[in-house]
Number of protein chains: 4
Amino acid sequence: MFSSDLYTRKTFLKNMSVGILTATSLPLNAGNDLEDSTEKSSPGDVPEEKLPRSPLNHSTEQEEPAFYPAPRNPAKRVGYAIVGLGHLALTDVMPAFANSKYSKPVALVSGDAHKAKVVAEQYGINPMNIYDYNTFDRIADNKEIEAVYIILPNSMHHEFTIRAAKAGKHVLCEKPMANSAKECEEMIDACKKANRKLMIAYRIQYEPNNALIRDWVQQKKYGNVKLMELFNGQNIGDPSQWRLKKSLAGGGSLPDVGIYCLNTARYLLGEEPDAVSGFIHTTPGDIRFKEVEESVMFQLHFPSGVIANCGTTYGAHMTRRYRLFADAGAWFGMDPAFSYKGIRIELSQSIGKIESKQYPAIEEKDQFALEIDHFSECVRNDKKPFTPGEEGLQDQRIIDAIYQAAKEGKVVSLKKYDGKDVFRGEVPKDDK
Amino acid sequence: MFSSDLYTRKTFLKNMSVGILTATSLPLNAGNDLEDSTEKSSPGDVPEEKLPRSPLNHSTEQEEPAFYPAPRNPAKRVGYAIVGLGHLALTDVMPAFANSKYSKPVALVSGDAHKAKVVAEQYGINPMNIYDYNTFDRIADNKEIEAVYIILPNSMHHEFTIRAAKAGKHVLCEKPMANSAKECEEMIDACKKANRKLMIAYRIQYEPNNALIRDWVQQKKYGNVKLMELFNGQNIGDPSQWRLKKSLAGGGSLPDVGIYCLNTARYLLGEEPDAVSGFIHTTPGDIRFKEVEESVMFQLHFPSGVIANCGTTYGAHMTRRYRLFADAGAWFGMDPAFSYKGIRIELSQSIGKIESKQYPAIEEKDQFALEIDHFSECVRNDKKPFTPGEEGLQDQRIIDAIYQAAKEGKVVSLKKYDGKDVFRGEVPKDDK
Amino acid sequence: MFSSDLYTRKTFLKNMSVGILTATSLPLNAGNDLEDSTEKSSPGDVPEEKLPRSPLNHSTEQEEPAFYPAPRNPAKRVGYAIVGLGHLALTDVMPAFANSKYSKPVALVSGDAHKAKVVAEQYGINPMNIYDYNTFDRIADNKEIEAVYIILPNSMHHEFTIRAAKAGKHVLCEKPMANSAKECEEMIDACKKANRKLMIAYRIQYEPNNALIRDWVQQKKYGNVKLMELFNGQNIGDPSQWRLKKSLAGGGSLPDVGIYCLNTARYLLGEEPDAVSGFIHTTPGDIRFKEVEESVMFQLHFPSGVIANCGTTYGAHMTRRYRLFADAGAWFGMDPAFSYKGIRIELSQSIGKIESKQYPAIEEKDQFALEIDHFSECVRNDKKPFTPGEEGLQDQRIIDAIYQAAKEGKVVSLKKYDGKDVFRGEVPKDDK
Amino acid sequence: MFSSDLYTRKTFLKNMSVGILTATSLPLNAGNDLEDSTEKSSPGDVPEEKLPRSPLNHSTEQEEPAFYPAPRNPAKRVGYAIVGLGHLALTDVMPAFANSKYSKPVALVSGDAHKAKVVAEQYGINPMNIYDYNTFDRIADNKEIEAVYIILPNSMHHEFTIRAAKAGKHVLCEKPMANSAKECEEMIDACKKANRKLMIAYRIQYEPNNALIRDWVQQKKYGNVKLMELFNGQNIGDPSQWRLKKSLAGGGSLPDVGIYCLNTARYLLGEEPDAVSGFIHTTPGDIRFKEVEESVMFQLHFPSGVIANCGTTYGAHMTRRYRLFADAGAWFGMDPAFSYKGIRIELSQSIGKIESKQYPAIEEKDQFALEIDHFSECVRNDKKPFTPGEEGLQDQRIIDAIYQAAKEGKVVSLKKYDGKDVFRGEVPKDDK
C-alpha cells in the first residue's frame with residue numbers, strides 16, 4: 001500500500017488540483033549513498049552540466065526544481081560596463097549581478113571618480129576598468145566588456161547608446177528608452193548599423209509571476225479579459241533630483257513610473273492600443289513639480305475592445321498594482337505589482353456557492369538578474385531580445401499621445417497593428 | 001497592582017494605539033447579582049430607554065457598545081409599503097427590515113397577486129394591505145403606511161414617486177433615481193409640493209466603514225487624497241431581464257452599478273466633479289447587450305485636482321473596490337467595496353522601515369436596515385435625508401455627461417459647485 | 001454563438017473549477033413581464049410555498065440561491081421563553097431571532113423586572129409573558145411558549161433545564177451544558193422523562209463554512225488530516241462578573257471559551273478523543289483569577305492518530321482560529337474561527353510550482369438564527385437535535401479529564417467510542 | 001509653503017504613526033550634478049567606505065537605507081570550505097554566498113568527485129580546493145580556508161566539527177547540532193581547545209523580521225506575551241533519503257524541522273523552558289517512517305508562565321507559522337514563518353471600535369547570507385557568535401526531554417536558568 005514509488009514520482013492523482021500548472025513527472029536520482037543520498041550525480045563530464053535534483057518532499061507537495069542552480073563559470077560570462085552609478089545602479093543592479101548566472105560586471109562608467117573607485121573595490125572590479133563620460137569611448141578597446149548597461153538620466157540614453165554601439169558593444173538600456181520617438185529611432189538605427197543587440201530593461205516582461213498571468217490572459221484560462229486597471233505611483237522626494245528636471249527626465253511620473261502601466265498592459269494582452277485619453281494634474285505651488293507633471297490618469301483602448309484605466313503619480317504614497325477583469329468567473333492581477341520584490345498575484349474565482357480569493361505564488365527570483373541574463377543569452381546565442389528597441393519606441397509613441405490627449409481634452413488615435421507581440425523578440429525561456 | 005478598576009474602565013493608556021478612534025471612558029454598571037451580573041439596569045422607566053451595557057472584556061480590547069441593542073416597539077415604527085417584489089426586494093430588503101430598529105413593512109405592491117400573497121404570509125403582513133399597480137393610489141387611505149420604498153425597474157421610479165407623494169406618503173426610492181434629469185426634477189418637485197420627504201437609497205452613504213474612510217479623507221488623516229480608482233462590475237445573466245431593456249433600465253452597467261463609483265467618489269470627497277471623459281465598449285454579437293451598453297471606463301475630474309479613474313461592466317466577473325491615494329504615507333480604500341456584505345477596508349502605511357498593510361474593521365451591520373432607519377428617523381423627526389432627491393439628480397447629470405463624453409471622444413464639463421456636500425442633508429448619526 | 005441559454009442555465013463548463021461544490025442546474029423562471037421579470041411566481045397556493053428565484057447573474061458567476069428567503073409566518077413559529085437577560089441574550093440572541101425563519105421570542109425570564117419590561121417593549125413581547133426565577137414554573141400554563149432558551153450562568157443550567165422539562169417545555173441550553181458530568185446526566189434524564197427535546201447551543205455545528213470544512217475532512221478532499229491546532233482566547237474584564245466565580249461558572253477559560261476547541265475538533269473529525277494532557281497557568285496576583293484558571297494549553301489524542309494542540313485563555317488579546325494539516329498537498333482551517341461574525345476559511349494548496357493561499361467563502365448567515373431554527377424544526381418535526389444533551393455531556397467529561405491531566409502532569413485516558421458522530425442527531429439540512 | 005526641506009528631511013510629523021520604529025533624521029547629500037544628482041559621494045578614501053545614499057522618495061514614505069550596499073572586496077572576505085554538497089548546500093547555501101558581504105566559498109568537500117568538479121566550475125572555485133571525506137584534514141594546509149560550513153547528515157556533524165577544529169578552522173555547523181547532548185558537548189570542547197569559533201546555523205535568529213518580533217516581546221510593546229503556538233511541518237518524500245535513517249538523522253521530524261519551534265520560542269522569549277510534554281504519532285505501515293517518527297505535538301512550559309504549543313510533522317502539507325498572544329490588545333507572529341523566503345509578519349490589534357489585522361513588513365534579505373556574514377564578522381573581530389555551540393546543546397537537551405515525555409506520558413522537567421539569553425553571544429548588528 002505504501003510504496004516508495006508513491007513518494008518520489010509525480011504519479012499522485014491531483015484530483016483536487018485547480019490545474020493552474022500541470023505537474024510533470026520528474027526523473028529521479030534516488031541515490032543510496034550512506035553519507036548523502038543527494039550527492040550522486042549523473043555520469044558524464046560535459047561543460048555547463050546541470051546537476052539533477054531529486055525532490056526532497058512528497059509528490060503531493062509544491063513541485064521542486066529538476067536541477068540544482070547552475071550558474072556559469074565567471075570566466076565564461078558576458079562582461080558588462082555599468083554606465084552611471086546612481087540610485088538604481090548601486091542599490092539594485094550591482095547587487096543583482098551576484099544572482100545572475102550568465103553575466104558579470106567588469107567595468108564602471110561614472111562622472112564621480114571617487115565613487116567609482118569605492119564601488120570597484122566593493123565588487124572586485126579591476127580599477128583599470130573605470131571610465132568617465134569623456135573616456136567612455138575607450139571601452140571599444142576593452143575585450144572584457146561585451147555589453148553596456150545604461151543606467152543614466154533619461155536624456156543621456158540616446159547619446160550613450162549610440163556611442164556604445166559605435167564602440168562595438170551590445171546595449172541594455174534602462175526605461176524609458178529616451179525622451180522622444182526620434183531619439184528612439186536613432187538608437188535603433190545605430191545598433192542596427194553596428195550589428196549590436198539593443199534591449200530595453202523592462203523587468204516585468206522577464207518575471208515568472210507576470211508571465212503566468214500573461215499565459216492566463218492569452219490562453220483565456222478564465223475567459224476573455226474585458227477590462228483592466230493599472231496604477232503605479234510614488235511620492236517623490238528631493239526636488240533637486242534629475243527626475244524632476246524636464247531636460248534630463250523628459251517628463252514627470254508618466255515616463256518614469258506610469259510607463260509600467262502601459263508597457264505591462266501591452267505585454268499581458270500582446271496587443272497595441274489604438275486610442276488613448278487622459279487627465280494631467282499637478283499641485284499648484286509644489287516646488288517639486290516646476291518642470292514636470294505630478295499625476296497622469298489615462299485610458300488605453302485596444303482593438304479587441306479591452307479598455308485599460310491607468311494612473312501614475314509622483315505625489316502620493318507608493319502603490320503598484322494591476323487587475324484584469326475576465327468573463328469566465330474570475331478576475332486576477334497583482335498587488336503589489338511592478339516592485340523589485342514582494343509582488344503578489346491575487347485572483348478571485350467563483351466556484352459554486354463559493355467565492356474564493358486566492359494568492360497563487362511562484363517563488364520570486366531576482367528580477368534584474370533574470371532580465372540581464374536574458375540579454376546575455378541573446379548576446380551569446382545571437383538572438384533578438386524579447387524587449388528590443390522597438391518595444392521602447394512604441395511606449396514613447398504612446399506617451400506622446402497621452403500627453404497630447406490630456407492637453408487637448410480629447411481621444412487621440414494611434415496606428416493600428418495586426419498580430420500579437422509585433423515588436424517583441426524571442427520569448428524568454430525559463431531555464432530552471 | 002492588579003486593581004479591579006484596571007479591567008473595567010477605559011483608563012488603559014493605549015500607547016501603542018494608532019489612534020484611529022479615540023477610546024472613550026464608558027460608564028460602568030458593575031452589578032454583583034449572584035445570578036447574572038449584567039442583569040442590573042439603571043433606574044427609571046422612560047419610553048425607548050436604552051439599557052446600558054457593561055463591557056465584558058478588558059479595557060485593552062476592542063471597544064464594546066455602551067448600550068444593548070434597542071429596537072423600537074413595532075407598534076411605534078414607521079410603516080412602509082414595499083413597491084415591487086423583484087430580486088432586490090425579496091432577497092435583500094424584506095429580510096433587512098428584521099434588522100431595522102425604527103421601520104417595518106406593512107404593505108406590498110406587486111403586479112403578481114400570488115407572489116404578493118405568499119410574501120405577505122411569510123412576513124406576517126396583513127393580506128388586506130396588498131396592492132397592485134392599478135390600485136396603488138389607494139394607499140392614500142391606509143394610515144398604517146407612512147412611507148413607500150420603491151424597488152421597481154428604473155423607468156417606473158418617476159411615476160410611482162409622484163403617485164406616492166400625491167397619496168401623501170414619504171418616498172424612499174432605489175437608485176438610479178430615474179432615467180433622465182428631467183424626471184428627477186419632477187420627482188423632487190412632486191415631493192416638495194406634497195410636503196413629503198424624498199430619499200434615494202444610497203446604501204454606501206449609511207455604512208460605518210465607508211463613513212470611517214470619508215472621515216479619513218475629510219480630516220486629512222493621511223494627508224491629501226490626490227487620486228482615486230473605483231470599479232464596480234458584474235457579469236449579468238438572463239438576457240430577458242428588465243435591466244437589459246433600454247426603456248426600462250435607461251442604460252446598461254453605468255446607471256445600475258457604475259453609479260456606485262461616481263456616487264461614492266462624490267460622497268468620500270464631498271466635492272462635485274467639474275469634468276468627465278470616458279470610453280464605452282460592448283462586445284459585438286452578445287445578445288445581452290442589444291439595447292444597453294456593457295462596459296464604461298470613465299474619469300471624473302474634481303475642482304480640487306483629484307482625478308478618479310472609474311469603471312463598470314455587465315460583462316466580467318464581479319469586482320467591487322475602490323482605493324484612494326494620499327500623500328502622507330498611506331493609501332486606503334475597500335476591497336470588496338459596495339457589496340451588501342463582506343466589505344473590507346484596506347490600508348497601507350509607511351512606518352519607518354516598515355510598510356504595513358492593514359485591514360481595520362468596524363463590525364458590519366445590515367446596510368439596508370441602516371439606510372431605511374435613517375429615512376424613518378427623518379420622517380419621524382422632520383429632517384432632510386442625507387441623500388435626498390437632489391443627490392440622485394446630480395448623479396443623473398453626471399451619467400448624462402459621461403455618455404456624451406464617450407460618444408464624442410472628448411472631455412465634457414459640468415457645472416461647478418462651491419462648498420462641501422452641497423446636495424446632502426443631515427449627517428446620519430451612529431446611534432449605537 | 002451567444003444564445004440566451006448560455007447566460008441562464010448552469011451548462012457552463014467549469015473547466016477551471018476546483019470542484020469544491022458541484023454546481024447544479026437551476027430551474028429557471030424566465031418571466032417576460034414588462035414591469036419586473038422576476039415577479040412571476042409558480043402557480044399554486046400551498047402554505048409555506050417557496051418562491052423560485054431566477055439567477056440575476058451569468059452562469060459563470062457565484063451560484064445564486066434557487067429560492068427567495070422564505071420565513072414562516074410568525075403565527076406558526078415555535079415560541080421561545082428567553083431565560084436570562086445577560087450579555088449574550090441582549091447583545092446577540094434577541095437580535096438573532098429577527099433573522100430566524102421558524103422561531104420567535106414570546107416570553108422573558110429575568111431577575112430584573114425593569115430590564116425585562118424594557119426588553120419586552122423593545123421587541124414587542126407581551127408584558128404578561130414576563131417571568132422571574134420564582135415564577136418561572138408558571139410557563140407550564142403558557143401555550144405560547146413551546147421551548148425555552150437558557151442563557152444563564154453555567155451553574156443555573158442544571159436547575160432551569162430540569163424545571164423547564166417539568167413544565168413541559170423543550171430546552172435549548174447554552175454551552176457549557178453544566179458544571180459536572182453528573183448534572184449533565186440529570187438534565188438528559190429529566191428531558192427524556194418529560195419527553196422533551198434537549199439541545200446544547202453549539203453554534204459552530206450549524207454554520208455552513210464550518211460544515212464545508214467538516215465535509216473536506218470526512219470526504220478526505222485533501223487527503224487525511226493528520227494534526228490540528230485550535231485556539232480560542234480573549235482578555236476578560238470586570239473581575240466581578242459571574243464568569244470569574246467558580247460556583248457560578250464552574251471553571252475559567254476552559255469551559256467558557258476553550259470548549260470551542262475541543263467541541264470543534266470532535267465535530268470536524270466526527271471522532272472522540274481517547275487521551276488528553278495539558279498545562280494550566282494563572283498569572284499570580286491577577287485579581288480576576290482568584291477562583292478560576294486563566295489559561296489552559298491542552299492536547300487531544302484521537303484513536304485515528306490525529307493529535308490536536310488546543311489553547312484557551314482569559315488573559316490575552318482575542319484570538320479564535322483553527323488549522324488542520326492534511327497529507328494531500330493542503331492545509332486548511334479558519335482564522336478567525338468561532339466568532340459570531342467575520343469567520344474566514346483559509347486554505348493553502350500546492351499546485352505544480354505554485355503554492356496558492358486561498359480564502360474560499362460561503363455567504364455568512366446569522367449563526368444564532370441557524371442554531372435556533374434547527375431546534376425549532378426538531379421540535380416541529382419530532383427529530384433528535386444534531387447537538388443533543390449527550391454532546392454536552394461528552395465535552396464535560398473531556399474538560400474534567402483535562403483538568404486532571406494538568407493537575408497530575410500526565411496523560412489521562414478517556415473511554416473509546418467506535419463509529420462517527422456517536423453522540424449526534426440528525427445532520428442539519430441547508431434549506432436555502 | 002512648499003520648501004525643499006520638506007521633501008528631503010525626516011522632519012515630517014508622523015502623527016498617524018503607530019511608532020513601530022522611530023524614523024530617524026537622515027544625513028542628506030543633495031547633489032546638483034547635471035548628470036546624476038546621486039553620483040556625488042562624500043570626500044575621503046578610506047577602505048571599506050560606505051557610500052551615503054540620499055533618499056529618492058518623500059519623507060512621508062518608507063525609510064530608505066542611509067548607505068548603498070557595501071560588500072567587502074572578495075579578496076578580503078572570510079573563505080569557507082563547504083562540507084557536503086547535498087540539497088541544502090546546492091539549492092540554498094552556494095547561491096546565498098553571492099548575496100553575502102563578508103564571506104566567500106573557496107573550497108568544496110564531497111564524497112562525489114564529479115559533482116564537486118561541476119560545482120567548482122559553476123561557482124568559479126579553484127579545482128585544487130576540492131576535498132573528499134578522507135582528504136578533509138588536509139584543509140589545515142590551505143590558507144584560503146578560514147572556516148568550514150558543515151552541511152552533512154546530522155550524524156556526521158560531530159566528527160567533522162572536531163576534525164575541522166583540529167585542522168585549525170572555525171566551524172559553522174547546520175542544525176541540529178548533533179544526535180546527542182554528549183556529542184554536542186564534545187564539539188564545544190574541541191573548538192574551545194583549538195581556540196576556534198563554533199556557531200550553529202540558526203537562520204531565524206539572524207533575520208530582521210523575526211528580530212522585530214523579538215523586540216516587541218522583550219520590550220513588551222503589546223504587553224506581556226502569555227501563550228504561544230508554533231508549528232513547522234512538511235510532507236517528506238523519497239523514503240531512501242538520509243533524513244529517514246535513524247543512524248544518520250538521529251530522529252525524525254522533531255530534530256529536523258520541529259527544532260525551529262523550540263529554538264524560535266526560546267529566541268523570542270530569551271527564556272529557557274523548565275518543563276515539557278508531548279505526543280508522538282507515526283502512521284502505521286508508512287514506509288517512510290520505519291526508523292524515525294512522523295509527528296510530534298509538544299508543549300513547552302517557561303518559568304515566566306508562558307506555555308508554548310508546538311507541533312511538527314513529516315507527514316502533512318508544508319506549514320510554518322507561529323503566533324504569540326499578548327495582553328495589551330494584540331497578538332502577533334508570522335505566517336509563513338521559518339521559510340527561506342516569503343515570511344510574513346501578522347498582527348491583530350484593537351484600536352477603539354476597530355480590530356485591525358496588519359502585515360508589517362521589513363524588506364526581506366537572504367537569510368543564509370545574513371547568518372554566514374554574522375559568523376564571518378565574529379571570525380574577523382574575534383567575537384562570540386549569537387548562536388554558539390551551547391545554543392545547539394540546549395536544543396538537544398530539550399529534544400531528549402520531549403522524546404522522554406512522549407514515551408512516558410508525563411511532564412518532564414528541565415534544568416532552570418536565570419537571566420535572559422543565557423547561551424547566546426553578541427547580538428547581531430544590523431549594518432544596513
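How much area is buried between domain 1 of chain A and domain 2 of chain A, and what percentage of that area do carbon and sulfur atoms give?

## Buried area

In this predicted model, about 1900 Å² is buried between domain 1 of chain A and domain 2 of chain A. Carbon and sulfur atoms account for 61% of that area.

## Domain layout

Two domains are assigned in chain A. Domain 1 consists of residues 4–27 + 70–201, while domain 2 consists of residues 204–363 + 388–413. Taken over C-alpha atoms, the centres of domain 1 of chain A and domain 2 of chain A lie 24 Å apart. To the contact, domain 1 of chain A contributes 24 residues and domain 2 of chain A contributes 25 residues.

## Polar and charged links

Between domain 1 of chain A and domain 2 of chain A there are two salt bridges. A salt bridge also joins the side chains of A:Glu185 and A:Arg397, with an N to O distance of 2.9 Å. Residue pairs in polar contact between the two domains of chain A number five, counting pairs with both residues at pLDDT 80 or more.

## The domain 1 side

On the side of domain 1 of chain A that touches domain 2 of chain A, the elements giving two or more residues are helix H2 (87–97), helix H5 (181–193) and strand E6 (198–200) of chain A. H5(A) supplies the largest share of this side, with five residues.

Sorted by class, the side of domain 1 of chain A that touches domain 2 of chain A comprises 15 nonpolar, five polar and four charged residues.

Conventions: Residues numbered from 1 in each chain as written. Chains lettered and ligands numbered in written order. Predicted model: local features only at pLDDT ≥ 70, side-chain atom pairs only at ≥ 80, totals over all residues. Heavy atoms only, no water. Domains from an automatic or database assignment. Contact = heavy atoms within 4.5 Å. Buried area = accessible area lost by both parts, 1.4 Å probe. Salt bridge = Lys/Arg side-chain N within 4 Å of Asp/Glu carboxyl O. Polar contact = N/O pair within 3.5 Å; in protein donor to acceptor, adjacent residues only side chain to side chain. Helix = DSSP H or I, 4+ residues; strand = E, 2+ residues; numbered from the N terminus. Nonpolar A, V, L, I, M, F, W, Y, C, P; charged D, E, K, R; others polar.
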